[in-house]
Every structure is written in C-alpha cells, then in structure tokens.
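Hi,

Here's the structure I said I'd pass on. Have a look at it first, then read my notes below.

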Amino acid sequence: MSTTTPKYRLVSGNLLRTLMQRTGTGNRLTVRELAAAADVSIGTVGSLLTGEQQSLPEDKAKRMSAAIGVDLLVLFIPCERAGRCVALLADRLSVAI
C-alpha cells in the first residue's frame, strides 16, 4: 500500500495575489519574498499565480499560508480525490460570489 502526501488546491491565483498585497502582518510580499519565506521555488509561486499549477503538497500549502499570515483553508482546499476537490472548489466559489 502506498502512502501519498495530501494535496491542496489553490482557491484562485487572484486570491493569492490579493493576499500577497495584504498579508496578515500588513506587509506586501513579492513572489521572490513569498517563495523564500515558504521555502518553495519562485517558479512554483509564479505558476500558482498564472494558473499553470493548481495544487501543492500539504507541507508546501501550509508554509505558503503561514508566510502570508492566513489560515490554510482561506487559500487552499484539501483534495481527497480529483473530483472531490473540484466539487469543493465550485461550492466555495459559488458561496463567495
């Protein structure tokens, strides 16, 4: 039996960009600063912002959320399975509108 790291799907690149402008500390974060603070690559942050990449392993999602100063579930949706993740995202976005 293989164990896989839980994945978390980004709510949206626009939300990430907004939260980078208004972090929990009141400071702005650049892509480079967020990447360094969360110990992820600059390419990962850039890909999340553009939508090229939509999910991260749990540890990276937690570090990014902590670096921004928000709860993990503000920025990411846990994914049990691909279908479940998409359904949760659709529900969350319809509530937010």
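To follow the angles here, you need to know that axes are lines fitted to C-alpha atoms, for helices over the stretch in contact, and that angles run from 0 to 180 degrees between N-to-C directions. Helices (H or I, at least four residues) and strands (E, at least two) are DSSP runs, numbered from the N terminus. It's a predicted model, so local features need pLDDT of at least 70 and side-chain atom pairs count only at pLDDT 80 or more, while totals for chains, interfaces and linings use all residues. Residues are numbered from 1 along each chain as its sequence is written, and side-chain values use heavy atoms, with hydrogens and water left out.

Helices first. H2 (residues 31-38) packs against H3 (residues 42-50) at about 120 degrees, their axes 8 Å apart. That makes H2 oblique to H3 (under 35 degrees is roughly parallel, over 145 roughly antiparallel, 65 to 115 roughly perpendicular, the rest oblique). Val31, Arg32, Leu34 and Ala35 in H2 meet Ile42, Val45, Gly46 and Leu49 in H3, where contact means heavy atoms within 4.5 Å.

Now the sheet. Three strands form an open, antiparallel sheet in the order E2-E1-E3; two strands pair if DSSP finds at least two bridges between them. E2 (55-57) and E3 (76-79) are at the edges with a single partner strand each, so one side of each has no neighbour in the sheet. The twist averages 35 degrees from one strand to the next. E1 (residues 7-10) pairs with E3 over four bridges, and Leu10 is opposite Phe76 in E3.

Cheers
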